[in-house]
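Look at the sequence and the 3D view first, then try each task before reading its solution.

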Amino acid sequence: MPGPVGEAGRGADPPTTHPAAPVSRRPPRLLIFAITVTGILNNTLLGPSIPDILDDFGAGASAAGLVVAAGSLPGIVVAPVIGLLADRYGRRIVLTPCLATFGTFGLATALAPTLEVMIATRLLQGFGTAGLINLAVVLISDHWDGDARTALIGRNAAVLTLGLALAPALGGLVSDALGWRAALLLYAIGLPMSALVWRVLDADRPTSQETVGEQVRAARTAVGNPVVKASLGSGILVFVLIFGGFLTTFPVHLEEVFGLSASARGLLIAVPAATASLIAFNLGRIRARWSMRALLIAAGVAYVTAFAGIASAGTIVVIVVACMLYGLGEGVFIPSLQDAVAGAAPPDRRGAVLAVWVGAARLGQTLGPLLAGGALALTSTTGVFVLGVGVALILLAAQVLGPIGRSPEPAAARR
């Protein structure tokens, strides 16, 4: 397996330089993983506590979508801007204030006196979290190529899926023991993380002298790549299902249908971590045997089956099996789509292109809860999961008919 960029002196391939990501000291993998985990805390810590928050503020179930969506809405616009800034001014100088903003307004969310104030602070918190996940993948792509990049993006996604599962469990346990405000105080992790990133990352600055207009036009051209566009559309659908069907509707479904407490809800939300992390962590090995297209089609089938299973489940056992299938789909989709975008993006536009993908994901994160909240006002939680089956079928069709995985990455890049 090839070494990371910058290890030519130890027998690896010679490094390739480019304006936006000059060769520098490789960032620690644990730091990259920590940035990713921080980036997904925005909604995952909140999920199990949503019913309790709504009860405290005297709001109906339909308000759940608004509370969740508020944290994702800014990322639709802000994530691409952050990517452009990271390509223009460097990774550290952009990533540090993002983490500080996340931590500051996360604390404000935990202390919010009313639902309206909470929604406002979550909107501001969303400005900070908008760039975290994509910049973690950018750091990987700046320093690893080909199969090494695929493997590390997969492991980073395994950390992400573990966070998506374990953070709700942690949030639910703390919420049951100390109240939902104590659970949301964990958002403060963004503050020490910002100091750590400033201390550890190199202060690399791009050497390109192009204007902002030239940078935007070049990034727009890169986003026009068919694989990138297909990954954007698939990313929207995946995150509609994750944040609308699973993180917003699933906790309410577990309370209304099965009468489960916050800690029990959090533990069930954690179930997908088993299959999602196993798949994502071993994505490099799996890709050596199966094409990306075949994996994405299998993931689409898993999503369809999982949402149908949750909608029809009468026992917790069926719920657990459906959650494991859901985790399989998640473990394939997130890293594979990220890897497809990273492979299709020019190195000096990688921050912007990956940020546009995250902006699309944020759109899905925002639309999912809003659509779920609207559907909950008109139908039951079971009805929402039936609608989720329809969205999963559209996602599956996109993998069968779309361009992702049809044209392999050039051999030189795969080496």
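**Exercise 1: a residue and its core**

Find the contacts of I35 beyond four places in sequence (contact means heavy atoms within 4.5 Å): I35 touches L95, L132, A136, L139, M193 and V197. This is a predicted model, in which local features need pLDDT of at least 70, side-chain atom pairs count only at pLDDT 80 or more, and totals for chains, interfaces and linings use all residues. Residues are numbered from 1 along each chain as its sequence is written, and side-chain values use heavy atoms, with hydrogens and water left out.

Of its 109 residues, I35, L95, I242, F250 and Y303 touch the most other members. Helix 12 (residues 226-258) gives this core its largest share, 13 residues.

**Exercise 2: buried or exposed?**

Decide how T101 counts. Step one: T101 lies in helix 5, residues 91-110 (helices are DSSP runs of H or I, at least four residues, numbered from the N terminus). Step two: recall that buried means under 20% relative accessible area, exposed over 50%, and partly exposed in between, with a 1.4 Å probe and protein chains only. Step three: T101 is partly exposed because its relative accessibility is 25%.

Now look at helix 13 (residues 262-269), where 6 of the 8 residues are buried. Among them are R265 and L268.

Definitions and conventions: Helix = DSSP H or I, 4+ residues; strand = E, 2+ residues; numbered from the N terminus. Core = buried A, V, L, I, M, F, W, Y, C linked by side-chain atoms within 4.5 Å.
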